[in-house]
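Me: I am new to reading protein structures. Could you take me through one, feature by feature?
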Amino acid sequence: MADQVTLKIDGDVVSVPAGTLIVDAAKSVSNDIPVFCYHPKLDPVGMCRMCLVEVGTPLRDRESGEPELDEHGDQKINWMPKLQTACTVPVSAGMRVRTATQQVTRARKDVVEFLLTSHPLDCPVCDKGGECPLQNLTMSHGSGESRYLFDEKIQLQKRVPLGELIFLDRERCIQCARCTRFQDELVGEPVIGFDKRGRALQIVTFSEPGFDSHFSGNTTDICPVGALTTADFRFGARPWEMQHTPSICPHCTVGCNTHLNTRRSGMVGGTVIKRVMPRQNEKVNEIWLCDKGRFGHHFAGSSDRLTVPLVRKDGRTIEQSWEHVLPLVAAKLAAADGEVAGIAGERLSNEDLFCFQTLVEGLGGRTMQWPGRMGGGDLVQQVGVGAGTDLAQLGAETVILVVASDLAEEAPLWWFKVRQAATKAGATLNKHPASLVVANARDTKLDRYANHIVRYSYGDEVQTVQALTHAISGDGAGIETGIDAQHNPLLSEVARAIEAAENMIIIYGSEGLDFSGSGALAQACANLLIASGHVGGVGNGLLPVWPSNNTQGAWDMGVRPAGMSVSEFTSGAKVVLLAGADPVGDGESLPEDAFVVISELFKTDTASRADVVLPAQAFVEREGSYTSGDRRVQRFYPALPALGDAMPDWNIFVRLTALLGLGTVPAGAGAVMRQIAADVPRYDGISYERLADVEEQWPHVGGRDSYYGGTAFENSAGLGLQTPTLAEMGHQVQPGNVEPPSVESGEFLVVPITLLYDRGSMLLRSKIMHQRLPEPYIELNVVDAERAGVGAGDRVALRVNGHDWEMATRVSTSPPEGVILFPRSLAGPLLPRTMVASLRKLES
Amino acid sequence: MTPKEMVVTLRDRYADEIETILERYPAEQKRSAVMPLIFMAQREEGYITGSAIDEIAELLDIASTQVVSIVGFYTLFYANPGGMHRIQICTDLPCALRGADEFAEQVCENLGVKLGETTDDGQFTVEAVMCLAACDKAPMFQVQNSSGLTYYECQSADDVNVLVKELRTSPDDLDETVSG
């Protein structure tokens with residue numbers, strides 16, 4: 001805890017940690033000093049001059065050092081001759097600040113007037129109008145009328161694309177540099193910058209594509225004017241005419257808190273989502289969102305959504321009502337004699353998965369998580385990262401080990417926060433960075449911030465982690481490992497850092513690993529955490545980079561990966577019941593003679609094969625909850641009316657359960673959560689009411705003080721609750737046996753990797769993202785490329801699993817020799833794991 | 001993209017100079033070399049080409065946009081092509097009082113261009129600039145070309161005609177020792 005410093009701001013005595021800036025100290029006593037360039041998450045620059053205040057310090061006797069007193073016995077104050085910027089001056093003991101004097105009021109008025117000298121004042125057509133700091137602060141501090149003639153204003157371009165996602169209006173820009181500083185300090189990607197000077201200054205991008213960053217949308221939130229707008233919302237609606245619904249981003253395992261802004265649209269003839277905005281949750285996404293979360297919402301409003309139940313009859317699909325279709329499905333399920341194979345997607349909500357599991361279990365059937373390619377969910381329940389951990393706040397006492405994950409692509413906000421912990425860039429009083437270890441077989445974006453980079457070969461992930469445990473346990477403690485950390489200077493250095501660290505978090509992924517391989521890696525990581533004593537507390541434990549948003553929820557609800565192919569799993573099944581899963585589209589097959597029932601949003605390949613297709617509601621149309629990788633259960637709310645006859649998945653399953661006489665229908669999603677709390681271990685005490693609990697967060701956002709923190713929404717709908725781990729509940733957790741996976745050998749090893757921008761069903765339906773989605777490609781090492789006679793951009797045929805796939809080639813030094821990196825969900829085969837392949841150049 | 005196309009890079013042409021410049025800065029602070037590298041690159045074409053920007057960014061491991069920002073900030077760096085010789089006349093207040101405006105007009109007229117324009121042969125660009133700290137010797141200007149910067153003080157339009165003739169006939173004979 002930093003030392004407290006006491007000062008006086010106007011009449012208020014304020015006590016704040018040393019190093020706090022005057023502007024924030026004032027904020028803590030609700031004294032809103034106006035700012036434009038200052039942002040509580042960024043380093044101060046003092047560029048806009050809006051925060052000018054009078055500052056004085058106690059006068060001290062030069063000889064004795066004692067404070068000098070006036071005739072009344074009060075301290076004499078040495079007032080600085082000129083106004084000071086409250087955003088750059090840190091507080092000091094006994095400091096006096098005056099924010100309401102005539103001089104300060106005059107200065108604020110002058111600064112606003114200066115900023116408006118050439119501002120177009122086009123608020124009536126500006127997207128920011130209604131939630132604009134410049135508009136608000138002009139109203140509260142500016143002059144009532146302008147001394148400048150409209151004709152004298154400089155006319156500049158009003159539509160400058162910084163890439164196809166973000167647009168710049170040069171006339172509105174007040175040159176505060178919030179956007180460029182955000183990209184530089186908090187993202188580490190300075191792909192936008194200032195060009196020229198003075199009135200000619202403009203924001204430019206020179207990256208390819210323009211504004212090449214996964215976080216670009218955030219600059220439009222913190223822009224204090226309407227200079228930066230998103231292509232998605234530009235001229236879309238006025239802020240005050242939209243409805244606000246709290247929600248959770250459905251894209252990845254981070255679980256970013258969002259606000260869905262909706263409005264009736266004449267063009268569509270119904271209510272639509274106009275924009276997705278961040279909702280503050282400092283432990284999860286702070287006040288940020290990645291661009292996939294912000295712009296990738298259009299799948300829900302896609303015109304090819306299923307709206308009525310479909311039944312296959314004599315080779316034709318016909319539309320049916322729920323009254324007809326549910327009894328038909330129930331009869332098939334009842335007649336299956338327990339030969340029911342249930343396959344549920346990891347994207348479904350906890351309520352859906354719980355009701356799905358209850359139904360299939362009640363029938364004596366079996367369930368499988370789809371795709372279910374990553375293991376370790378049970379270990380996360382035991383030694384998961386401690387509740388209350390904020391990755392960005394981790395400091396010098398912590399080692400963060402990231403293994404087998406390209407965090408920037410798989411969980412952008414965790415990458416953002418881990419980078420923050422490792423650099424301590426931006427505004428933070430803690431300037432002592434955490435120690436970051438990145439272990440992967442190839443370069444990833446996080447390497448740049450790592451204290452140690454561990455390079456292993458694909459297949460050696462588990463052994464590498466075991467070697468660290470071995471080095472820590474000293475005598476080896478019966479750990480078999482093919483890698484000797486004792487004689488590997490890098491690994492022994494990492495081991496020493498782990499031993500010395502007070503806290504340790506291991507973030508593990510599944511790159512290059514299948515279900516059992518990633519399960520083994522999770523076990524090896526758990527063993528390392530247990531051996532080094534880093535379980536069961538804040539800043540300690542295991543954090544899984546799950547492939548989907550609710551994989552953890554699926555594990556918790558009992559829907560687990562089967563560890564086998566779909567054809568093996570469904571073999572002998574009379575009814576296959578699927579929910580939010582498309583195994584056929586991923587190249588799997590279902591038994592010919594089985595009756596197939598599916599609940600889905602879209603007519604997927606599996607839905608085309610199904611005998612009954614049930615239309616499901618998208619997350620924006622219903623209530624529910626997701627559990628993120630850090631076991632945080634978070635609620636989302638209905639933002640749009642139901643589409644056609646679509647029903648929430650959970651409702652479909654409980655109706656079937658009731659028809660089969662296996663249970664009753666709960667009153668709503670909240671009642672399902674009560675059942676979950678009663679039945680699922682570690683969910684006791686969780687209810688919709690408690691998930692809606694909030695507490696005060698720093699910085700203030702949401703308009704209470706003229707959007708000082710940007711236009712991210714204040715969180716009034718719930719911060720979520722983290723389920724406790726066994727370690728946190730005081731259980732003695734034992735290390736387990738690890739069986740390292742074996743690696744095939746061949747000409748090339750094809751390793752599936754995850755990209756944030758893929759061509760999956762969600763992003764393909766968000767047209768705004770299309771230019772950012774790469775064409776199908778593989779990436780190989782320069783040495784291999786030369787050997788195979790292929791160059792960058794060449795078309796190649798990749799032969800894997802008996803099939804040829806035509807792809808473009810990228811060549812770099814990132815993949816190890818003998819490895820072909822194969823991005824998932826671009827096109828072609830779903831590779832369940834690393835596979836051997838050969839390569840042939842195609843003549844152009 | 002045509003990867004097989006022959007592109008002469010800065011590294012091909014100035015390998016030694018680049019090395020010398022980089023040696024002046026600690027390896028972990030090599031971004032500090034951005035100014036001398038831009039200056040070097042400008043010598044090549046009289047302005048900074050897009051490929052030079054990318055190459056400098058790559059050499060220093062910074063974003064191209066950051067190099068663009070620096071080129072944009074300094075008035076002596078050019079992002080667009082101009083004449084081989086840039087005649088930069090100070091027209092700030094003290095110089096204007098000593099007739100800099102009329103002087104600039106005459107120079108432009110003699111060369112057949114307007115302020116900011118380049119002669120048809122691509123040799124000269126005339127520009128009005130801010131204070132060059134020689135107010136007492138106005139009208140004055142500096143010439144920026146591949147040799148660097150050269151001051152010319154207490155000038156008349158006729159003096160400029162002579163200079164233009166010299167520069168035009170023997171651009172290679174410029175005495176490098178006068179460069180600033």
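Reply: Start with domains. Their bounds come from an automatic or database domain assignment. In chain A, 36 Å separate the centres of domain 3 and domain 4, taken over C-alpha atoms. Nine residues of domain 3 of chain A are in contact (heavy atoms within 4.5 Å) with twelve residues of domain 4 of chain A. This is a predicted model: local features need pLDDT of at least 70, side-chain atom pairs count only at pLDDT 80 or more, and totals for chains, interfaces and linings use all residues. Residues are numbered from 1 along each chain as its sequence is written, chains are lettered from A and ligands numbered from 1 in the order in which they are written, and side-chain values use heavy atoms, with hydrogens and water left out.

Me: Which residues make up domain 3 and domain 4 of chain A?

Reply: Domain 3 of chain A takes 312–372 + 553–662, and domain 4 takes 377–546.

Me: Which strand pairs with strand 13 of chain A, and in which sense?

Reply: Strands are DSSP runs of E, at least two residues, numbered from the N terminus. Two strands pair if DSSP finds at least two bridges between them. Strand 13 (residues 257–265) of chain A pairs with strand 14 of chain A in the antiparallel sense, over eight bridges. One bridge joins R264(A) and T271(A). Four residues lie between the strands of this hairpin, and G269(A) takes a positive phi near 75 degrees.

Me: Is strand 14 of chain A mostly covered or mostly uncovered?

Reply: Buried means under 20% relative accessible area (1.4 Å probe, protein chains only); exposed is over 50%, partly exposed in between. Strand 14 (residues 270–278) of chain A is mostly covered, with eight of its nine residues buried.
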